[in-house]
Amino acid sequence: MSEPVTAMGGVAASGGIAGIREAERQGMVTLRGDLSAPAVGKAVKSVTGMAVPGAGTFAQKDGVALCWMSPDELLVLCDYGSAEGIVQAFDAASGKAHLLAVNVSDARASFQVSGEHARDVMAKLCPVDLAPGAFGTGMFRRTRLAQVAAAIWMPSDDSFQLICFRSQAQYVFDLLSIAAQPGSEVNHLCSTG
Amino acid sequence: MLILTCPVCGVTAEETEFHAGGEAHLKRYGPGSPDEQFEEYLFMRENPRGVHFERWRHVYGCGKWFHAARCTTTLEVFGTYPAQTLEPPAGLRKTISKKRPGWIWREFS
């Protein structure tokens, strides 16, 4: 029996202006289908108990989160062990809806950036307005992290979580570590500057 | 640098989050059409100084294609509109006319 591991073995970097840590194993299910179709909304509701989140946001309930990726894609975040069950539940609930659910838990790497300068670190890497009034908890943004695609959101006011493709985990970890080097505070986005 | 708003997901971002897809509203003629039309489809492009219409893809975001109208000299973006459009929408053309009176792009003005 193979034992699933994260891309970087739970690596962490501290000592910089923000803490960088690889997240625990995370269950992920990609759901493709026209999110505006009532049948798809119904299937999502019956499996997760949540309505389809609006563009650029995510919703969570009972340890399951629904993230809006595009008008025809949702990312379901859940416990690693329950991803397969969610896929089967979607298969059963899809009915006549044109819907595809796939377990992609091992396709991506996930990192957490935390600390009062977390916004500084992320703003160095993403072409996104991360000012406190412009980006906050509840939002979900797919964007670019230096040269690779990523999706970012804020679990709390001073921390970010991001996902990237697993093959790019080392690159993303290096990026984050360098962007969080000691003494590299920008102080533009935090009031403590 | 261009600041574009994706009409699909509503995100406003600078151009490095997008990918340019060349000129907008190219028409591909069907089987039996003359070589000249195929040549036009393949090679003939506008190269305007001023108002231009292009296809863009929100490659690091929602991944969808859309259209954008912009000025090639000032990099002002007049607006973006869905990919499922065969010609520049009337409202947008009016907006451009206010800012660039007398503009012409292919058969549109």
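For sorting lining residues by class, Ala, Val, Leu, Ile, Met, Phe, Trp, Tyr, Cys and Pro count as nonpolar, Asp, Glu, Lys and Arg as charged, and the others, Gly among them, as polar. The structure is a predicted model, so local features need pLDDT of at least 70 and side-chain atom pairs count only at pLDDT 80 or more, while totals for chains, interfaces and linings use all residues. Residues are numbered from 1 along each chain as its sequence is written, chains are lettered from A and ligands numbered from 1 in the order in which they are written, and side-chain values use heavy atoms, with hydrogens and water left out.

Rolling a probe the size of a water molecule over the atoms shows where empty space is left. On a 1 Å grid over the protein atoms alone, a cavity is a set of points where a 1.4 Å probe fits but cannot get out, and a pocket is an open set with protein on both sides within 12 Å along at least five of seven lines; lining residues have an atom within 4 Å of a point. Points are joined across faces, edges and corners, and a volume is the space filled by probe spheres set on them.

Two cavities of 30 Å³ or more turn up. The largest cavity has a volume of about 100 Å³. Its lining has 16 residues, and the closest to the centre are Thr6(A), Arg25(A), Gln26(A), Ser105(A) and Arg108(A). Six residues of this lining are nonpolar, four polar and six charged. Strand β8 (residues 108-114) of chain A gives the most, with three residues; helices (H or I, at least four residues) and strands (E, at least two) are DSSP runs, numbered from the N terminus.

The second largest cavity comes to about 80 Å³. Residues from both chains line this cavity, among them Trp68(A), Phe140(A), Cys9(B) and His58(B). In chain A, β5 (64-70) and β9 (140-145) are the elements giving two or more residues to its lining, and β9(A) has the largest share with three. By class, that lining splits into six nonpolar, three polar and two charged residues. Domain 1 (12-24 + 107-179) and domain 2 (27-103) of chain A each supply at least three residues of it, with domain bounds taken from an automatic or database domain assignment.

The largest pocket holds about 430 Å³ of space. It is lined by 21 residues, and His25(B), Leu26(B), Lys27(B), Leu86(B) and Arg106(B) are the closest to its centre. β5(B) gives the most to this lining, with three residues. Nine of the lining residues are nonpolar, four polar and eight charged.

The second largest pocket has about 230 Å³ of space. Of its 16 lining residues, Gln26(A), Gln60(A), Leu77(A), Trp153(A) and Gln161(A) are the closest to the centre. β10(A) gives the most here, with three residues. This pocket lies between domain 1 and domain 2 of chain A, because both give residues to its lining.

Helix α3 (residues 118-125) of chain A is largely enclosed by the rest of the structure, because six of its eight residues are buried (under 20% relative accessible area, with a 1.4 Å probe and protein chains only). Ala118(A) and Leu125(A) are among the buried ones. The buried residues of α3(A) pack against β8, β9, β10, β11 (159-165) and α4 (169-179) of chain A, where contact means heavy atoms within 4.5 Å.

Methods
Buried means under 20% relative accessible area, exposed over 50%, partly exposed in between (1.4 Å probe, protein chains only).
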